[in-house]
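My entries follow the structure.

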Amino acid sequence: MILLIILKIGGSILTNKDDFECSINSDNLKRIASEIKSSIVNSNKKLIIVHGAGSFGHPPAMKYKIGEAFDESEFPVKRIGFCKTQNAVKKLNMLICETFISEGLPVVAQPASAIMTADSKRINHANLEIFRKYLSKGFIPVIYGDVVLDDENEICVISGDQIIQYLAVNLNPSRVILGTDVDGVYNKNPKIHDDAIFYDKFTSIEDLDAFDGTTNVDVTGGMIGKIKELLYLADLGIESKIVNAEVEDNIYKVLEDDDVKGTVISKEFE
Ligand code: ADP
């Protein structure tokens, strides 16, 4: 049986996200590429990789306030902001794909700005046929947090986490996995609170004590944004797991379905 896995690798892992001077974390990137290779090669797994925009996408998106309401007269400036953001995330994607290809992974970039649109900041259309075709020929489609055209707001940012949700709803994967820079979901941000309590199972947003944002530079919602997308999937019966991709071998193990510390988001536990 073929297993379709949607794997997200957070911008926090791939870039130095606190760094406004876009820089890539090449040690993490190479290690994760090789972990994916070890699990995927000669297996029955088909993979879609989603990655975040990290320090590449957030600064221009924030500077040009992409996603906020604006007057028609401001559109030319907003449009340039859109182009700068699109180009910045494309650069990151190119670096990621370069590393993956040099590991022998057959990745092919599918920029959301080219194949998706949104309405009121939610994806309303995507060319999924192209994903299916690439998957059927053994490619690994790679898509990432990006800017897209929006029917209501002209333009908007969509996060890698929203993309995961959309793809999972529409492509019926066997598994949904997210690698980030913490072990999973806690009752509050573990990077700020030493006494944060870890959840290995998570079913409701009410289990969060505080709606702390992220400690990273982020315009797309940090852990809270992730959880909301994943709880939506859980409502539909699609389970997901968040693991720490900074820990060596975690991505390999989770792809192998081995025991790895992490948070499973599902309604099954209720
Ligand atoms: P990524 O770039 O990997 O998608 P984000 O930076 O968007 O990740 O989100 C992960 C961050 O969310 C963590 O580094 C942590 O600082 C923050 N965070 C905030 N609240 C929580 C929480 N309740 N549990 C876990 N992490 C949290």
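I began with tyrosine 186, which counts as buried because its relative accessibility is 14%; buried means under 20% relative accessible area, exposed over 50%, and partly exposed in between (1.4 Å probe, protein chains only).

I noted that this is a predicted model, in which local features need pLDDT of at least 70 and side-chain atom pairs count only at pLDDT 80 or more, while totals for chains, interfaces and linings use all residues. Residues are numbered from 1 along each chain as its sequence is written, and side-chain values use heavy atoms, with hydrogens and water left out.

I then looked up the aromatic pairs and found 4 in the structure, where rings of Phe, Tyr and Trp (its six-membered ring) pair if their centres lie within 6.5 Å, and planes under 30 degrees apart count as stacked, over 60 as edge-to-face and the rest as tilted. One of them joins tyrosine 134 and phenylalanine 139, and it is edge-to-face because the ring centres are 5.1 Å apart and the planes stand at 80 degrees. Tyrosine 134 is partly exposed at 25% relative accessibility, and phenylalanine 139 is partly exposed at 34%.

Tyrosine 186 forms an edge-to-face pair with phenylalanine 198, at 5.3 Å centre to centre and 65 degrees between the planes. Phenylalanine 198 is partly exposed, with a relative accessible area of 23%.

Finally, I checked lysine 261, whose charged end sits over the ring of phenylalanine 198, 4.5 Å from its centre; the criterion is NZ of Lys or CZ of Arg within 6 Å of the ring centre and within 35 degrees of the ring normal.
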